[in-house]
Amino acid sequence: MTLISRNPADPADILVELRSPGAFAAADAVERARVAQTGWVTAGAGARATALGALATAIETAGDELAALAVREVGKPLAEARAELARTVALWRYYAQAPYEATGTVHEPAAGAGLLLTRRRPHGVAALITPWNFPFAIPSWKAAPALAVGNAVVLKPAPEATACALRLAELARRALPEGVFTVVPGGAAEGAALVSAADVVSFTGSSAVGAGVVRAATERGVPVQAEMGGLNAAIVLPDADMALAARHIAASVAGYAGQKCTATSRVVAVGAALEPLREALAEELRAVPVGDPGDPGTVCGPLITEAARDATAAAWADLPVLAGGAVPDRTGWYAAPTLVEKAGPDHRLLREEVFGPVAALLPARDLDHAVRITNAARYGLVTSVHTADLAAALHGLDALDTGMIRINAPTTGVDFHLPFGGAKDSSHGPREQGRAALEFYTSSRTYTLVPG
Ligand code: NAD
């Protein structure tokens with residue numbers, strides 16, 4: 001099968017055209033990684049720390065070039081692409097310290113003399129299956145912890161982000177021992193082959209594909225985590241700073257054309273917040289700079305494909321539009337940042353992730369009602385709450401079915417050193433990032449030592 005990756009702002013610009021390597025080649029990459037892994041784990045903590053640090057430096061040195069590549073291949077606005085690269089460097093540096101962390105604990109036996117020890121060890125080869133929207137950060141936040149604790153990794157990037165992944169592999173080849181970081185380009189066939197051969201699986205992508213990956217890995221009995229879609233809500237209370245809330249929400253709806261799992265797609269206005277928010281948010285969304293992702297001022301660039309653009313336009317088609325609601329007449333797959341209202345509970349916008357710059361405004365009687373509206377979605381990744389009342393923010397939200405809560409902040413944006421993940425159909429298995437990732441990529445073994 002031919003794999004083509006093209007510039008979404010200028011679809012005639014093709015970055016990659018190659019024959020997909022196929023399932024057999026993907027399985028073979030796992031076997032080669034398994035051979036390399038034995039040397040990597042015995043090389044020692046210092047060698048692993050140095051190599052991960054070297055890769056951080058290489059990515060930092062190539063930062064401008066890599067950001068430009070993300071702009072061209074996945075249409076990420078330049079300012080966001082630069083921020084993604086800065087975060088990518090920071091997380092390789094963070095995990096470069098991880099090889100020196102304690103790998104176990106010491107305990108007294110329940111009875112008699114001796115010692116009980118626990119020690120964590122790597123699984124072997126990690127299959128990393130990633131989406132296109134964070135082409136450097138997501139592969140890195142999976143690969144860095146996996147490598148730090150002694151696994152080898154095989155990365156299967158989304159076809160739309162192939163050039164970025166191949167460039168990351170080039171940098172990794174120079175910093176890491178041969179064979180511990182391999183990229184297998186391709187699609188479903190290569191991804192499925194990795195899942196059927198690896199010792200641990202980390203997936204990020206849509207909920208539909210993720211459910212199949214989880215099933216396949218679970219059947220084999222290998223550890224699996226899946227970070228999937230979102231249908232995130234912003235809850236606005238009447239006491240919020242409306243101008244600030246509108247700014248945060250507009251950025252979460254329209255930034256990178258809404259193509260983040262953490263984007264806001266439902267805006268729940270509590271009581272008297274509805275009228276002022278409706279005006280303020282519509283105005284903010286109309287003012288979002290839409291255009292060439294290479295322009296440093298652009299906030300909302302193109303959608304990744306023509307089909308994604310068409311699905312976005314279809315999502316608002318039968319609803320009253322408060323802002324946007326148009327497809328700009330220009331080359332590339334653009335949609336205007338859009339706010340709609342009066343979506344019924346079964347409307348597609350309230351049931352399925354659209355992954356475009358569109359949000360529905362929904363009224364709620366009170367905070368409890370807002371929580372019920374928010375929980376009605378089958379996803380539960382992140383919710384933002386906008387209020388001056390910290391007690392409401394902290395205690396009124398206990399019933400929220402969501403993995404992350406952001407108070408007076410956009411739904412988008414997360415620190416790389418804390419656990420990341422959601423509830424319900426947004427996530428499966430242990431969290432990513434931070435120390436949680438180091439545990440996911442290892443298993444614990446218990447030793448009993450008694451005097452001989
Ligand atoms: P996708 O599900 O179409 O693809 C994700 C990856 O899975 C790709 O590499 C794809 O080639 C691979 N794949 C496809 N079929 C497969 C199969 N049968 N077996 C194994 N692998 C297979 O997602 P996408 O369009 O690349 O990315 C957008 C999605 O990712 C959105 O739903 C978004 O919410 C989600 N996402 C989630 C997070 C998170 O952390 N929760 C972060 C970013 C993106």
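Guide: A residue is near a molecule or strand if one of its heavy atoms lies within 4 Å of it. This is a predicted model, in which local features need pLDDT of at least 70, side-chain atom pairs count only at pLDDT 80 or more, and totals for chains, interfaces and linings use all residues. Residues are numbered from 1 along each chain as its sequence is written, and side-chain values use heavy atoms, without hydrogens and water.

Visitor: How many residues surround the ligand?

Guide: The closest are Thr130, Lys156, Ser206, Met228 and Glu353. In total, the residues that surround the ligand number 28.

Visitor: Which residue has a polar side-chain atom 2.5 Å from an oxygen atom of the ligand?

Guide: A polar contact is a pair of N or O atoms within 3.5 Å; within protein, one must be able to donate a hydrogen and the other to accept it, and residues adjacent in sequence count only if both atoms are side-chain atoms. Lysine 156 places a polar side-chain atom 2.6 Å from a ligand oxygen, and a backbone N or O atom of alanine 158 lies 3.4 Å from a ligand oxygen. The residue at 2.5 Å is glutamate 353.

Visitor: What percentage of the ligand's accessible area does the protein cover?

Guide: Accessible areas come from the Shrake-Rupley method with a 1.4 Å probe; for residues, only the protein chains shown count as cover. On its own the ligand has 860 Å² of accessible area. The protein covers 85% of it.

Visitor: Which residue follows α9 with a positive phi?

Guide: Helices (DSSP runs of H or I, at least four residues) are numbered from the N terminus, and α9 comprises residues 242-254. The residue after α9 with a positive phi, near 50 degrees, is tyrosine 256.

Definitions and conventions
Helix = DSSP H or I, 4+ residues; strand = E, 2+ residues; numbered from the N terminus. Expected span 1.5 Å × (residues − 1).
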